[in-house]
Structures are given as C-alpha cells and as structure tokens.
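Let's take a short tour of one protein model. Have a look at the sequence and the structure first, and then we'll go through a few of its parts together.

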Amino acid sequence: MASLKPENIRTVALVGHGAAGKTTLAEALLAATGAIKAKGSIEKGSTVCDADPLEKELGHSLVTSLVSFETGGVRVHLADTPGYPDFAGQAISALAAVDTALVVINAQTGIELSTERMMKWAGERGLCRMIVVNKIDCENLDLPKLVGEIRERFGRECMLLDLPAHDRQDVVEVLGHDSGDADFESVAAAHRALIDQIVEEDEDLLAQYLEDGADPSPEALHAPFEKALRAGHLIPILFVSAKTGAGLPELLDVLAKLAPNPAEGNPPPFWRGRSDVDSGEVAEAFHAEPDAEKHVLAHVFKVVVDPYMGKVGVFRVHQGTVNKDQQLFVGDGRKPFKVAHLYRLQGAETIEVEALVPGEIGAVAKVEEIAFDCVLHDSHDEDHIHLKALEFPLPMAGLAVETKKKGDEQRLFDILGKLSMEDPSFTVERHPTTNETVIRGLGDMHLKAKLAKMAQQYKLELDTKPPRIPYRETITGAAETTYRHKKQSGGAGQFGEVALKVEPRERGAGFEFVDVVKGGAIPGSFMPAVEKGVRQALADGVIAGFPVEDVRVTVFDGKTHSVDGKEVAFFTAGRKATMAAIREARPIVLEPIVEIEILAPGHAMGDLTGDLSGKRGHVTGTGQRGGLAAISGQVPLAELNDYQSRLKSLTGGQGSYSLAFSHYAPVPPAVQQLLMGQHKVRDDEE
Ligand SMILES: Nc1nc2c(ncn2[C@@H]2O[C@H](COP(=O)(O)OP(=O)(O)O)[C@@H](O)[C@H]2O)c(=O)[nH]1
Ligand SMILES: [Mg+2]
C-alpha cells in the first residue's frame, strides 16, 4: 500500500475464551488476504500467532501475538490474545492498543467466563465491540438459542449483522440485503431491526426515514453506524467458521468498511501530569488525536525480552508519525533514543518499515529504558504523559521457588526480573524473614507456563513449594522480666542486665520502644544495643518464628559493670529479656484473612459455598454477575494454597476467583499448637 493514511488503518483484538478459535481465525484471515501462502493449524503447531515452542506444545496461546494484513484498501492490525483467565493480563493490555474488540464465541460451548469478562473490560474501555460466533461448521449446534443467550446477557444492542445460510456453508449479510435465504430468522426482519437501530443515532436521518420509509444509502448510514458502535448502542453479531472459511469474506468486508478507523473509535484517554494531594496538582485528562502531522504519542502495551533481539517494546501509535531514524523519548526520561530499526510484526517475524502512522502497531528493539505501559513521544512538551491506567487482576496465586542448582540464585533473580517486565500480572516477592522467593500469578496455569519458559528458554530448573503463609505473632497481656547476661571466659568478661515490660498495642499500631531508665542504670551509650536486641527478638518471632507486631517495650531498669559492661552484652540481654517477657504475655499467632470473590456457573454454587465453610471460611454474600453466580466471602489465606485446582474440579474449569487482603485474625488453638511445634526453638547458644 503506497501512502497509508490513518483512515485506512483498523486495529482489532481477537478476545474471548480459550479454544474459541481466535488463533485459527487469525490464521484464516491472513491466508484469505494473501498475507501468508498457506493456512497453518493449531494441531500441527504451524500457526503464525502461536509461534512460541511452548504454545505449540500446549496447543493454546500464552501471549498476545500481533499480525497485520491488507483487505479492501485498508491495513488491519490484529492482536490475537490468549483466552484462558490465567493469561488475562496479556488480553487486557491488548485492549489498550485497539479500537475494536472482536469477541469470539465458540458456537459449541456458548458464552464462557472470558467472554463475559472481555465484553465487560472492552466496554469499560470504550472499545467498539463485535461478537463473532465461530465454529459454525460443527454439528448439533443451536445457533438461534445462542443468539437469544447473547442478547439476554449482553443486551438487545447485540444485533445480527449476518446470518448463516445454505446449511452454514456461508452467511448472508443483512445490512445491505433485505431478502434472501438464511438458516434461521428472516433476513428481512434482521435487516429492518438493524436499520431502525442505526437511524436512531441521527435525527435528520430518522425523520427522513420515517417520512419516506426508504432505506438510507450506505454512505448515509456510515456515520450513525460508527456512532452507535462507539456508544455501545450496537454490538454486531457475525458468524464464521475459521475452518471452512464460511463468513470470512463478510467479516473482512466489515473490517474494511464498518470497523472504526482511529478517528472513528473512542480516542484513548491520556493523562498529563500526576494528581498530588500535597501540592494540589491535578492531572489533566485529554485525548490523543490520530493526526499524522502532530507530535508523536505511542503507548507500549507489550514488552518482550527476546534472546536475539533483546528488549522489544511493542507499541501502538496514537498520534503523529513514528519514523525510522527519529529521536524518541521514553516517558519522563531526559535522554532520547534513536529509532535505528522500526518494525511491524507478523507473529514471531519482524518486518522493517520506514514509518508508522496513527493506529498502527509496531516495535522497536534494544531500548533498555522501555518498560511496559510507558509512553514514547518526540518532544519534552509531552513529558509526564500516561495512558489511563489499565486495571489488572491482582496476582495472588503463589509458589515459593528455589534453584535446583546451587549458585544459580543470581541468574534466577535476573530471569524473574525479565519475566515480570513482560507480564503485568506476574510478580516476584522476596521474604527476608522466611528467605523465600515467591512468584505470583493469576492461577496455576499461569505459574506453570512461567516455570516451563524458564526451563526451556533459560535452561533454569526450579524446585517449588507452596509459599509460607505470612503469619504474625502478638501478645494479649502485659509482662515484665529482668535478664542478666553474664559471661566470664578467661580474661575479659561480658555483663549486661536489662529490665523491661511488654504490653499489647492496638492491631496495626506497630512497635514502640520506650526508655525510662533513670540514673544511668543502663548507660545511654548502651541503649541502642538494647533496642537492637529487642527488635531482633521481635523480628525473629518468639513462639512460632513469625514477627511479633503491635507491642510496646518499655525498658525501665538495668545494671552495668565498669569493666565487663559491653554492647554485645546489652544486645543479648535486651533480646533475651524480650523473648522471656513475650512468652509470659499470653502470646498468640495471627493469620491473614482474605476477601475472596468467586465467579462460577450457578449450578456450582452449593458446592462452592460448602467448600468455603469447610475451610474455616464464611460466605458474606451471593449474587448474579453477568449471568454467573458471584460468591463473596472471607477465608484464611492458609486454606487457599490449592484453591485453583479445587475450583477447577468443582466447576469443570468454568470458575475464577480473586483475592484481596482483609485483616489479621488469631489462628485456632490447634493451628497455633501445630505452628509452635514446627518452630525449632532457637537455642540459648550464646
Ligand atoms: N470445527 C472447527 N474447529 C475450529 C474452528 N476454529 C478453531 N477450531 C479448532 O478449535 C481449537 C482451538 O482453536 P484455537 O485457534 O487455538 O482457539 P483460541 O484458543 O481461541 O486461539 C483448535 O483445535 C482448532 O483447530 C472452526 O471454525 N471449526
Ligand atoms: Mg489462541
């Protein structure tokens, strides 16, 4: 295509549940438009979009792939996203890069969890949505029933844009046709309903339509059609078979003629500046303009660390034109980088290009400053600009990891750093007290995919176990003790005596150290050593090895020795006195309680609430959420280590859950006994 203008660009994300056929559909579209010579398949592991060895092995997508093709005079940039909820982070970030979400529904299984979620998230982001019912070649389908369900869940705005015909061998488009054969419903009725809905967007057009009753011309319908899409007043339903090719020409036609160009979609919301309570500064909202002549604004929605290309930033141009050899700034960075190579992506393949106009998706490589969600721009006037934040589910599924080989620890941290850079819903935590490295993701499958990637790409083998629960200790009473540390070995001795009191503080109030020693019973110069000893005892834990929190320690007396009084002696006395006092002050162990929210098909409700109660949890509410049963409750985090697999078996893989921290609560006495038993009491070796 010679001169590409923004109005000739379409950006589309294929979203929806796993196995709906998104990757196969992308492949079919590439083949139908001549972008690839022959159609690959999931079964042979030969598709453009599932290019990763692990994707081929598992037979489903793990990351978002970007491809593009040309049809009807436009270039379509397509993002093929993974459908399983575990990889939702990838699909959510792709929504930031496109004007249209094509929500693909598997005709065999109907509306699924990710269908619901993606419809919701794409709607919240203001994307134009279209529903594509795939696999219409399959037998024993009830398509009229599915259409009914789609409307029931997502509203009457979901309207037929085509209908299966000739026993599902092709489809008949109903915007331009008011008669013809269809396998179900009537073309005339579908046509009428669609026109009625569109003309409502334009008063003049509506008046004229009511007056003369004639269909407006396709040209007259274009603007109101786009308006209806933008406002969510129209969510077209299309039928395809990625396998047989039925409905593909019609889908391509819709992409070229009806899907919004960058100026017709809802422009992406940006913020300039940051809101700051202290300075009273308020961030200013504005919209990027898809104007090729303006300053560059491009948003990095995907980062890949490639073994050959280094760090690759994949971005969508929202404003201005990105040119090869141009200087660009990354976020608030002062130093620009030169765009030495500019790429378009075709799955794993990169194609060098000279320029990318608004709406286009491309990539730059080997720019260290680039990070997920950053904005690339060409002028310091555009510093402090951010795309309105994407909301990602909080990763709570965790695994403690350890390298199988000693000495690989540093490599582990480097690799985990790279992986978390690529994936906004994958995080790494270091727990110095337990000496554990914990990786967190959205679910079992997500974490397993990361482990497999580390093994395959980086040849790093890990041992895993459930992460330790971050228990705490506290006290429920007050106690006083005096501890004398005295050591006489040969020449120099050690002497220090500390008398202190421990008291409980309100939950969440933290630790307080008070020194009321009078008359130099403990010389001031030794007091920091005493405090250090106290803090050490609290950090190490006393009865079960977990940090003691929310206590006040008051040192009120002590004794020193003119020769043997030493820092180390007071440190030890402070530590031992604290341990002894805590043991006397009715200590307890606290555990984290989390809010859980479960979405699952209604029939699993009873099993799920029963399961929660059996795990020391309780249900706080139940309801309906977009056709699914929603259960909220509170449950100890310790009971959720294997929740992903329990949920999977109770719901047949149709459930999802999210966790959020709520509060700390005392563990039952039996659990406390168990934890105390597991804790190896540190010997009084000193
Ligand atoms: N019969 C039939 N099978 C399909 C069709 N589209 C995809 N499939 C199969 O459905 C499975 C899942 O497809 P895939 O493209 O990986 O789905 P994705 O998870 O949405 O990307 C694969 O076995 C495909 O061969 C279709 O239109 N008809
Ligand atoms: Mg896929």
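Which strands does helix H10 lie across? Helix H10 (residues 409-422) lies across S23, S24 and strand S25 (436-441), and runs at about 145° to S24. This is a predicted model, where local features need pLDDT of at least 70, side-chain atom pairs count only at pLDDT 80 or more, and totals for chains, interfaces and linings use all residues. Residues are numbered from 1 along each chain as its sequence is written, while chains are lettered from A and ligands numbered from 1 in the order in which they are written.

**The sheet**
- Helices (H or I, at least four residues) and strands (E, at least two) are DSSP runs, numbered from the N terminus.
- Four strands form an open sheet in the order S24-S25-S23-S26, with antiparallel pairing (two strands pair if DSSP finds at least two bridges between them).
- Strand S24 (427-431) and strand S26 (462-465) are at the edges with a single partner strand each, so one side of each has no neighbour in the sheet.
- Strand S23 (residues 397-403) is joined to S26 by four bridges, and the two run antiparallel.
- Opposite glutamate 402 you will find aspartate 463 in S26.

**Around ligand 1**
- Gly21, Lys22, Thr23, Thr24 and Lys243 come nearest among the 20 residues around ligand 1 (near means a C-beta atom, placed from the backbone, within 6 Å of the molecule or strand).
- Helix H1 (residues 22-32) gives the most to this shell, with three residues.

How values were computed:
Contact = placed C-beta atoms within 7 Å. Axes fitted to C-alpha atoms, helices over the stretch in contact; angles between N-to-C directions.
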